[in-house]
Amino acid sequence: MNKKLVAALSGGAALVLALTGCGGDGDDGDKKVESWAEKVCGDMQPQLKKIRDANAAIQGAADEPDSKKLQQTDSQAFQQISDAYRALGKSVKDAGAPPVDDGEKAQTEALKDLNARSRAYEDLKTAVDKLDTKDKSKFAKGLNGIAEELNKLGKNSDDAFKRLQEGEVGEAMAKQKGCQRPSGGAPAPSLDANAPAGASS
């Protein structure tokens with residue numbers, strides 16, 4: 001019953017944190033940007049792990065026959081993803097605007113996007129909690145509706161956060177361990193809970 005949710009998770013566009021690029025020449029401006037990136041990236045890995053773990057939980061329940069257990073798994077996963085996005089938004093807010101041209105605007109838009117995603121996953125949790133687990137047909141139909149919402153969420157533009165990672169800021173973030181690609185050629189961490197998280201259905 002959970003396979004449509006797994007498919008929705010696997011089908012979304014990735015919002016990738018790690019960027020390629022070289023550092024600056026070390027002047028005061030670059031140091032300020034790097035200090036900002038350090039603040040933001042320092043908090044990201046734990047939240048990205050929460051998102052990946054929640055994805056894995058949903059995928060692991062793809063063949064779960066017990067509707068109640070499936071409901072609990074999906075509900076907890078959506079809450080975990082919502083909390084992670086909220087925490088990421090707090091990190092961006094607490095770091096302040098990046099010290100670059102239009103930095104305040106970029107921060108405001110990224111914060112708005114992260115908080116909107118948090119609310120969206122909170123809404124998905126609420127929707128899952130309301131499903132009737134006693135009627136498998138109704139429950140399956142309800143899950144299909146949630147999968148459709150998840151697909152829509154995955155197609156939402158991630159331009160706001162990408163803009164925050166452009167130019168000097170992106171280069172500075174790419175140098176921070178918390179925003180770097182994992183070693184061993186693994187995919188870069190993604191901020192998007194709908195990004196591919198490994199196995200599919």
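H3 passes H4 in a left-handed crossing (left-handed: the near helix is turned anticlockwise from the far one by less than a right angle). This is a predicted model, where local features need pLDDT of at least 70 and side-chain atom pairs count only at pLDDT 80 or more, while totals for chains, interfaces and linings use all residues. Residues are numbered from 1 along each chain as its sequence is written, and side-chain values use heavy atoms, leaving out hydrogens and water.

**Exercise 1.** Work out how H3 and H4 are oriented to each other.

*Solution.* 
- Start with the geometry: helix H3 (residues 44-60) and helix H4 (residues 67-95) pack at about 160 degrees, with axes 9 Å apart. Helices are DSSP runs (H or I, at least four residues), numbered from the N terminus; axes are lines fitted to C-alpha atoms over the stretch in contact, with angles from 0 to 180 degrees between N-to-C directions.
- Angles over 145 degrees count as roughly antiparallel, and H3 and H4 are therefore roughly antiparallel.
- Next, find the contact (heavy atoms within 4.5 Å): residues of H3 including Met 44, Ile 51 and Ile 58 meet residues of H4 including Phe 78, Ile 81 and Leu 88.
- By class, this contact of H3 with H4 has 12 nonpolar, four polar and four charged residues. Here Ala, Val, Leu, Ile, Met, Phe, Trp, Tyr, Cys and Pro count as nonpolar, Asp, Glu, Lys and Arg as charged, and the others, Gly among them, as polar.

**Exercise 2.** Describe the packing of H4 and H5.

*Solution.* 
- The axes of H4 and H5 come within 8 Å and cross at roughly 165 degrees.
- H4 and H5 are therefore roughly antiparallel, and their crossing is left-handed.
- The contact of H4 with H5 has 10 nonpolar, eight polar and seven charged residues.

**Exercise 3.** Locate Thr 133 and list what it touches.

*Solution.* 
- Thr 133 sits in the loop between H5 and helix H6 (136-155).
- Leaving out residues up to four places away in sequence, Thr 133 touches Ser 67, Lys 68, Gln 71 and Phe 139.
- Thr 133 and Gln 71 are 62 residues apart in sequence, yet 7.6 Å apart in space, C-alpha to C-alpha.

**Exercise 4.** Which helix gives the most to the lining of the second largest pocket?

*Solution.* 
- H5 does, with four residues.

Terms used: Helix = DSSP H or I, 4+ residues; strand = E, 2+ residues; numbered from the N terminus. Parallel < 35°, antiparallel > 145°, perpendicular 65-115°, else oblique.
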